[in-house]
Every structure is written in structure tokens, then in C-alpha cells.
Amino acid sequence: MKKFALIWCSDNMLLEYRDYMLGQLSDGTGQWDVLSPADPNFAEQVKDYDGYVISGSEKSVVDDLDAPLTQRLFAFIRDVRATSAAPVVGICFGAQALAAALDGRVGRNESGQFRLGVESLKWLSPSITRPNPRPEKCRRGSATVAKNGAPARSTIRERHMYVTRLIIHAAIASLMASGPALAHSTGPLGKIEHGWKPSPEIKRTVSLNFDFHGGGNFISWSPSARMTQHENRQCITGAYLLFDVDDRFAFDIDETILVDLTFFRPETDGFVFSYDQAVQPTAKKVRFDANNKGSWHTETVRLDRARFANRKYYGTDFAVGGLGSQLPRSNDGGEVTLCDVKVRREASKPQAPSPGKFALQVLDEAGRPTAARVGLYRSDGWAPLAGRSALTVQRYTEYTRNLPMVSVPKGWSANGRYVFFVDTNYAADVPAGEYDLFVMKGPEYRIQKRKVRIAPGTPQSIQVKMERWTDLPKQGWLSGDDHIHIGRSTPAENDKILAYMRAEDLGVANLLEAGNLKGSQFKQYGFGKEGHYGNGGHFLVSGQESPRTSHRGHSIGLNAKKFHWPEKDYFIYDATSDMIRADGGLWGYAHVALDIFNVDYSLALDVPRGKVDFVEMLQYGTMNTAYLYDFLNMGFKLLPSAGSDYPYIDFPGAERVYVDVGGSPSPSAWFDGLRSRRSFITNWLSADYSVNGDKKATEYHIRAGDEITVDAVIRANPDFDAIDRAELVGHGEVLKLVSGTSHASELRLLHKFKPSGSMWLAVRAYGKGRALLHTSPIYVYVDGNKDFSDRQKLAGLADKYRKTLAEFRNSTPRLEDEADRFAVGDLILARWNVVKPQLDKAIDDAIAIYDRLAAH
């Protein structure tokens with residue numbers, strides 16, 4: 001018998017209502033218990049139910065946000081979302097709690113009054129339509145209920161009871177059955193739950209517009225996925241479709257699976273298949289024979305070592321994408337039309353291995369408990385699923401404990417890729433066997449490795465003490481990531497998020513609320529000082545990635561006092577830049593490293609007009625110096641920055657900015673230092689450098705004929721990479737290059753020269769693998785001349801960016817290029833046309849600046 005829980009959230013509502021709800025919910029097919037979040041033991045009591053209904057309450061998630069009842073309820077909602085497939089239905093206050101706990105926003109009705117309304121309900125199938133529990137006339141207070149279930153005469157109280165019954169019936173529908181759902185995109189990935197179940201093995205069908213963790217870089221430039229009909233068959237058409245295999249059919253396996261896919265051939269030329277493989281996300285590409293022109297094409301995909309442990313996005317197991325729905329972008333159509341899916345197991349279910357117990361404690365270099373990233377692998381790379389004591393981390397609007405690595409240090413497992421995060425102590429049931437344990441804590445620590453043998457029924461406890469490779473905070477540096485997307489609806493979420501950042505040893509985590517033409521995702525509960533949280537050298541700070549369009553780039557605002565959203569003038573970024581900088585924040589452009597979203601248009605427009613502080617030129621293991629060098633060579637001061645873009649790309653801190661904070665670490669010191677002191681961007685390297693013996697200044701005044709000495713030491717954590725070369729660049733040209741040996745973990749660059757005129761300098765370095773580093777510019781002024789531009793390149797660069805702006809002026813946004821098309825497709829052209837005259841005026845102003853530069 002299934003077991004369900006009614007979570008009763010009221011102190012004052014009549015028990016008559018509670019009993020009435022229980023009477024409506026109970027139909028003999030399941031057991032119902034009543035639990036209260038007011039109970040301090042609620043977290044333990046609420047575990048392991050098959051479904052939950054959260055009641056209404058006289059409380060409010062706005063006014064009673066910090067009440068223990070509310071916080072316990074929020075913690076339960078997030079935990080069940082991350083760890084269970086059990087459905088949760090919220091009524092009134094319960095619905096508010098679901099929204100607020102899962103990164104929605106709940107506010108007071110602007111009228112200050114209660115609102116009553118009527119909604120149409122359509123039963124999903126006859127099997128879940130419940131009869132009126134009292135088909136005969138019955139008395140309830142002063143009202144009567146007619147045989148058809150509608151109120152014959154009512155008071156407010158009776159209407160409440162009737163509406164409650166309808167809501168309860170809807171709750172029963174959600175808990176007891178499933179069926180087709182209306183397609184409505186939600187969240188930052190345009191997620192749609194389609195309700196399409198082509199075979200008994202498929203529990204859910206979901207579509208998304210983005211996934212860089214599926215074994216291929218999936219991105220949709222197509223309209224949202226939709227149900228279609230072809231020759232009397234129900235099909236689904238879209239760019240990226242994900243499927244959740246019923247756990248009763250297969251869950252947490254390691255065996256060969258066969259998947260039969262039937263496509264409508266006139267609309268499908270092939271597909272890319274991605275699945276939860278035992279060791280790492282894996283994708284396969286299939287292109288159909290061009291001579292096959294029939295209506296239907298069935299392809300059987302063989303999945304070696306399928307895991308099906310719900311580790312793909314939103315608890316799914318495999319996905320089908322259209323050819324042309326990946327990066328790099330191709331000329332293929334980008335969609336599939338899929339009409340049938342069947343899943344077959346090639347062998348009978350194997351016997352479950354004998355269970356064992358594993359416990360881990362992680363200590364920092366001083367012997368204090370600390371957080372870390374952990375991998376536990378068999379020799380073939382298989383990893384047991386993380387236990388409940390692992391950190392639950394937010395990924396988009398879901399919560400998970402198991403994540404695949406993107407950038408892999410050389411000292412990590414040769415083939416294990418799934419990891420989990422722990423905050424000091426961890427314990428879990430693990431299949432008995434031999435394992436390799438890997439523990440890491442960001443690039444300043446050595447990777448710790450242990451052999452672990454887990455015997456059946458015998459607990460195995462391991463204590464791992466981390467060892468520092470370097471201690472940059474002791475040298476005055478504080479790390480930061482300018483680009484993380486984790487929503488915070490309440491301060492109660494801070495500690496868990498901060499534990500995640502401590503596991504990666506990230507100093508300043510800029511949590512960006514991401515905007516578009518319609519609104520924003522990853523919402524923050526506060527900005528400015530209100531949004532600062534942290535201690536011990538690790539901090540959370542609210543920021544924004546907005547304005548954000550595919551036609552003129554994604555912008556980043558750091559440390560502003562509020563979220564600035566220019567709704568009506570969204571394609572004009574000026575006001576946002578001005579307001580954020582007036583707040584004391586910094587503003588720049590994201591994804592410059594990848595040179596996407598037409599960022600060249602906006603840099604050409606905004607840098608010469610003094611709107612831009614920094615460019616995010618290190619991301620996804622790629623460092624793009626071209627734009628920084630061009631604008632520095634034209635005499636515009638600009639800072640390099642770096643960001644992981646978690647969860648879209650890599651873990652927080654995968655790329656980071658180290659800032660000389662000049663004293664005690666704090667968010668304010670980091671932002672002030674980024675603006676006015678030295679910094680360097682990197683993933684796995686560090687730099688210790690001086691100019692004429694000085695390690696602090698960013699500007700140097702010399703006389704003509706004076707010598708400049710640059711002394712830089714580049715270091716690499718040997719568990720991450722070895723150094724290939726270090727370079728001193730001036731005006732973008734290599735002035736000195738030093739190459740490393742095959743295993744170099746330290747490399748010194750020493751160069752003395754006499755500048756012929758004012759200039760800018762920087763140090764950059766490259767590893768044998770993925771390691772990268774670039775310092776912020778050093779400005780050398782000769783005889784008081786502060787024009788550090790490269791005169792020989794100036795006219796050519798000015799002409800280059802005038803041409804860029806001419807192209808921008810004649811351009812029009814294309815729907816198929818917009819990453820958030822699912823949300824803003826109906827607004828793009830209308831908003832563009834409104835602001836185009838204002839944009840043309842800004843282009844004229846920028847071109848005039850380039851004209852003056854070219855004339856010098």
C-alpha cells in the first residue's frame with residue numbers, strides 16, 4: 001500500500017477542515033498521515049512517503065519567511081525535489097511555499113485584498129475522476145450541496161469547502177496518475193513537461209533548449225518542442241528531447257540497453273543520442289541514408305554500460321537531439337520528429353552487489369573540518385551514487401548531488417567523471433569492492449588520492465587531510481568568479497550555497513540574476529550589502545547578467561545596489577551600465593572568451609563611449625585576448641575577467657580572478673581591488689610578478705631612456721598541469737618568451753628593456769594542457785605622457801571597429817539566433833524597432849570617436 005502525507009501548516013484553521021481534507025484524500029488505496037513542519041523532528045518524520053499534499057495556512061511565505069515552520073518546509077521541498085520522485089502538491093499557502101522554495105517569487109497582492117477566482121479543471125483520465133463523496137443532499141453549516149456537486153446555496157465558508165474539494169481532487173490526480181500536460185516552458189532552459197509516454201518504459205518526456213553536460217553541447221535555435229500528428233500517429237517535434245525511464249524498469253544499472261526510435265522521416269535527417277552512461281555522459285550521432293525517403297524510419301541504438309540513474313538534467317536518463325542542435329552549429333535542420341520510443345534490456349536483471357558502508361571526513365591543512373569535491377571510483381570509472389549526506393547543490397531550478405566534471409585536472413581519475421560535494425563529514429551505503437578515492441579543493445590544494453576497500457557489512461572510515469600547494473590569500477590575493485547562476489530566494493539558503501563555494505575554495509562568488517526581455521531567472525533576495533554573505537574568506541554577492549540578448553551580447557553587472565532591468569529600452573545597454581557604475585559596481589561583457597552573441601557589436605559601441613569596465617575573456621578553458629588587446633592598443637583602459645558560467649558550463653571557480661585585496665578579505669576589498677589594484681585571471685596557475693621591484697602598482701612613470709625590469713614567476717599545481725610557456729606582452733606583441741620543460745611546475749620570466757614610448761604590458765602563461773593565465777595591464781608612462789595606445793595600429797583598429805558598427809547598424813535580430821527564444825520570441829523585433837533610432841545615435845557617437853582616433 002502506498003503511503004502519503006498531509007503536511008498541515010496551520011496553527012489556527014479548524015481541525016474540521018483538516019479532517020475534511022483527509023476524508024477527501026483517503027479512498028482506501030493508500031495510507032494518509034498528518035505531519036506538521038512546526039515539529040522540530042519534521043525532517044525525519046517526512047521521509048520516504050510516496051506523495052505529499054501541503055495545506056493552506058494563516059501564515060505567509062512573505063511575512064513569516066524566517067519562521068521555523070516555513071524554513072523547515074522549504075528545506076523539505078528542496079530535499080524531496082533533489083532526492084525523490086514523489087510528487088508534491090501545494091494548496092494556497094502550500095503553493096506559495098513550493099514557488100518560493102524552488103526559486104520562484106511570491107509577493108503580496110498589490111491591492112492589499114484577498115482574491116477569489118475560478119479555474120477550469122479538466123480531468124486527465126476517467127480512472128482519476130472521483131465522484132461527489134456525498135451524492136445525496138447533505139447539510140454543512142447553512143449551505144446545501146446538490147447531487148451534481150455544485151453549491152445550491154452558499155456562504156463564503158461553503159464556497160471555501162467546495163473549492164477545497166476541487167483542489168483536493170486535482171491533488172489526487174497529480175498523486176495517483178499522470179497524463180498529457182499542456183506544453184508551457186518554464187525556467188532558464190525553457191523546460192517543458194510534455195506528458196508524452198510512447199511506451200510503458202517511459203515515465204516522463206521533457207524538452208529543454210540547452211545542455212552542455214550530455215556528452216555534447218546541445219543548444220536549440222528552434223521553436224519550443226511541440227506535439228504533432230503525422231499519418232494518425234502522435235509524435236513530438238523539437239531540438240532536444242529528454243526521457244525519464246521508469247525506475248521500476250531500470251534504475252542504477254550498468255548494462256547494455258537497446259532503444260528503438262521511430263522518426264517521421266520527411267522531417268528528420270538524423271539525430272544525436274545522449275545518455276546517462278556508467279562512467280561519463282556519452283553521445284552518439286546518427287545520420288540517415290539520404291536515399292531513404294519513406295514516411296518512417298526506425299533506428300535501434302545500442303547503449304553500452306547504461307546507468308539510467310536519473311543523472312541527466314531534471315532526473316532524466318537519455319535524450320534525442322536534432323542534427324544541428326549542437327555547438328559548433330551546422331547547417332542541419334536542428335530538430336527531430338519522434339513518434340515512438342521503446343526501451344529493451346538485453347539481459348535479465350543482475351543480482352545486486354553486497355552492500356558496505358563508507359564514511360569520509362575531510363580536514364584542511366590545519367586539521368579543521370572542511371568542504372571538498374569528491375570522486376569515488378572503481379577501476380573502470382564507475383562511481384556509486386552520492387548518499388544523502390552529500391551536499392545538495394542547485395543546478396538551474398533542480399537540486400542534485402551527482403554532477404559530471406567538465407575540466408579534468410591531470411591528477412584526477414583516468415576515467416571517473418561523476419563527483420559529489422561534502423561539507424566536512426560524509427557517510428553512505430556503497431556496494432562492496434575496491435575503489436580509488438579522489439578529493440580536491442580548488443587549484444590551491446593538492447589532489448588527495450587513497451585506495452579504499454569496502455567489505456560487505458564492515459564500515460570503512462577514511463580521514464583525508466588536504467595539503468596546500470600554495471596559499472594565495474596569505475599573499476594578499478582573493479579569488480572570485482564573476483559569473484555564477486544560483487538563485488537565492490531567502491537568506492536561509494546561504495549556508496548551503498557557501499558550503500559549495502568552500503568546497504571549490506572560491507573567495508567571492510558573484511551570483512548573477514539573469515535577465516531577458518520578459519523578466520529574470522536565478523533571482524536574488526537582495527542586492528548591495530543586503531546580498532553579501534560569508535565568512536572565513538568565502539563570500540556570496542548578488543549581481544546580474546542583464547541586459548542579455550543574442551544580438552548584441554550578454555552583459556554582467558557586479559555589486560550593484562539593485563537589479564537594474566530596462567524593460568522598455570532593453571536593447572539600449574547604456575542606462576544599465578550607468579546605474580550600476582553609479583551604485584559603485586562594475587559593468588562588462590560576458591562570454592568574450594567564446595566570442596559569441598555578437599559581442600563584437602557591443603564592445604565596438606560601448607568601450608569607446610566609456611561604458612565598459614571589464615571583459616570576461618577566460619571561460620570554458622578558452623582565453624581570447626583579441627578584444628582586450630585591440631581596445632588597449634586604442635588607448636582605452638579595460639580589465640580582463642573570468643567566470644565559470646555555472647551551471648551552464650563548469651563548476652563555480654573553474655575560471656577565476658585573483659585580486660590583490662591589500663588586507664583583510666571581503667567582497668568590498670575584492671571589488672575595489674579589481675577596479676584599482678592588480679589582478680590576474682586563471683584556472684590552474686598562479687603569478688608572482690614585479691615591475692622594477694614593485695609588486696603593487698598598476699601605473700609607472702619613467703623618463704625616456706629609463707629601463708623597465710619585469711620579473712614574473714609562474715607556478716602550476718603539479719596535480720593539475722605543467723607549464724608550457726610564459727610570455728611578456730607589450731602592445732599585444734611578445735617581448736619575451738620562456739618555455740618550460742615537460743613537467744615544469746615553476747617558470748621564471750625576467751626581462752629588461754627601455755620603452756620607446758608610453759605603453760601597456762601584461763604577463764600571460766599557458767599550460768601543457770588546459771592551464772591559462774593573464775594579468776591585468778600594467779601602464780608605463782614615459783615623460784608624463786599617459787597615451788599608452790599603439791600609434792602604429794591605431795588607424796587600422798579604428799577602421800576595423802567602424803566597419804563593425806556599420807554592420808551592426810544594418811543588422812536585425814534573428815529569432816533563430818536568440819538563446820531565450822522560447823521566452824522572448826514574441827518581443828524581440830518589436831523592442832528592437834522601438835529603440836533602433838536611439839541605437840543609431842549611439843553608433844554615430846562611437847564612430848565619431850573612432851574618426852578622431854584615426855586622425856591622430
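Student: Which residues of helix α4 are buried?

Tutor: This is a predicted model. In α4, residues 93–101, the buried ones are F93, G94, A97, L98, A100 and A101. Buried means under 20% relative accessible area.

Student: What covers the buried residues of α4?

Tutor: The cover includes strands β3 (51–54), β4 (88–90) and β24 (398–400), together with helix α3 (68–83).

Student: What makes helix α6 "mostly covered"?

Tutor: Count its residues. The helix spans 494–503, and seven of its 10 residues are buried. They are N494, I497, L498, A499, Y500, M501 and A503. Just after α6 comes D505, with a positive phi of about 50 degrees.

Student: Why is α8 called largely enclosed?

Tutor: Seven of the eight residues of α8 are buried, so the rest of the structure largely encloses this helix. The buried residues are V599, Y601, S602, L603, A604, L605 and D606.

Student: Why are α8 and α13 called roughly perpendicular?

Tutor: The axes of α8 (599–606) and α13 (828–855) cross at roughly 65 degrees. Angles of 65 to 115 degrees count as roughly perpendicular. The two helices are therefore roughly perpendicular to each other. Their axes come within 8 Å.

Student: Which residues meet where α8 and α13 touch?

Tutor: From α8, L603, A604 and L605. From α13, L839, A842, I843, A846 and Y850. By class, this contact has eight nonpolar residues, no polar ones and no charged ones.

Student: How do you know that Y314 is buried?

Tutor: Set the value against the cut-off. Buried means under 20% relative accessible area. Y314 has 7% relative accessibility, so Y314 counts as buried. The residue lies in the loop between β18 (296–306) and β19 (318–322). Y314 is not a glycine, yet its phi is positive, about 55 degrees.

Student: And F522, buried or exposed?

Tutor: F522 has 1% relative accessibility, so it counts as buried. F522 is in the loop between β33 (520–521) and β34 (533–535). Its phi is near 55 degrees, a positive value in a residue other than glycine.

Student: What makes the bond from S546 to P547 cis or trans?

Tutor: Look at omega. The value is near 0 degrees, and the bond is cis. P547 sits in the loop between β35 (538–545) and β36 (548–549).

Student: What is omega for the bond from Y646 to P647?

Tutor: Omega is near 0 degrees there, and this bond is cis. P647 lies in the loop between β41 (639–642) and β42 (656–660). Most peptide bonds are trans.

Student: How do you know that empty space is left inside a structure?

Tutor: A probe the size of a water molecule, rolled over the atoms, shows where empty space remains. Here, a search of the whole structure finds eight cavities of 30 Å³ or more.

Student: What makes a space a cavity, and how much space lies in the largest cavity?

Tutor: In a cavity, a 1.4 Å probe fits but cannot get out. The largest cavity holds about 140 Å³. It is lined by 18 residues, and the closest to its centre are L208, N209, S220, P223 and S224. The lining divides into nine nonpolar, seven polar and two charged residues.

Student: What is the volume of the second largest cavity?

Tutor: About 110 Å³. Of its 16 lining residues, R373, M440, E504, A654 and W684 are the closest to the centre. This lining has eight nonpolar, four polar and four charged residues.

Student: What volume does the second largest pocket have?

Tutor: About 630 Å³. Its lining has 35 residues, and the closest to its centre are I219, S550, I596, F597 and A819. By class, the pocket lining has 16 nonpolar, 10 polar and nine charged residues.

Key:
Residues are numbered from 1 along each chain as its sequence is written. This is a predicted model: local features need pLDDT of at least 70, side-chain atom pairs count only at pLDDT 80 or more; totals for chains, interfaces and linings use all residues. Side-chain values use heavy atoms; hydrogens and water are left out. Axes are lines fitted to C-alpha atoms, for helices over the stretch in contact, and angles run from 0 to 180 degrees between N-to-C directions. Helices (H or I, at least four residues) and strands (E, at least two) are DSSP runs, numbered from the N terminus. Angles under 35 degrees count as roughly parallel, over 145 as roughly antiparallel, 65 to 115 as roughly perpendicular and the rest as oblique. Contact means heavy atoms within 4.5 Å. Ala, Val, Leu, Ile, Met, Phe, Trp, Tyr, Cys and Pro count as nonpolar, Asp, Glu, Lys and Arg as charged, and the others, Gly among them, as polar. On a 1 Å grid over the protein atoms alone, a cavity is a set of points where a 1.4 Å probe fits but cannot get out, and a pocket is an open set with protein on both sides within 12 Å along at least five of seven lines; lining residues have an atom within 4 Å of a point. Grid points are joined across faces, edges and corners, and a volume is the space filled by probe spheres set on the points. Buried means under 20% relative accessible area, exposed over 50%, partly exposed in between (1.4 Å probe, protein chains only).
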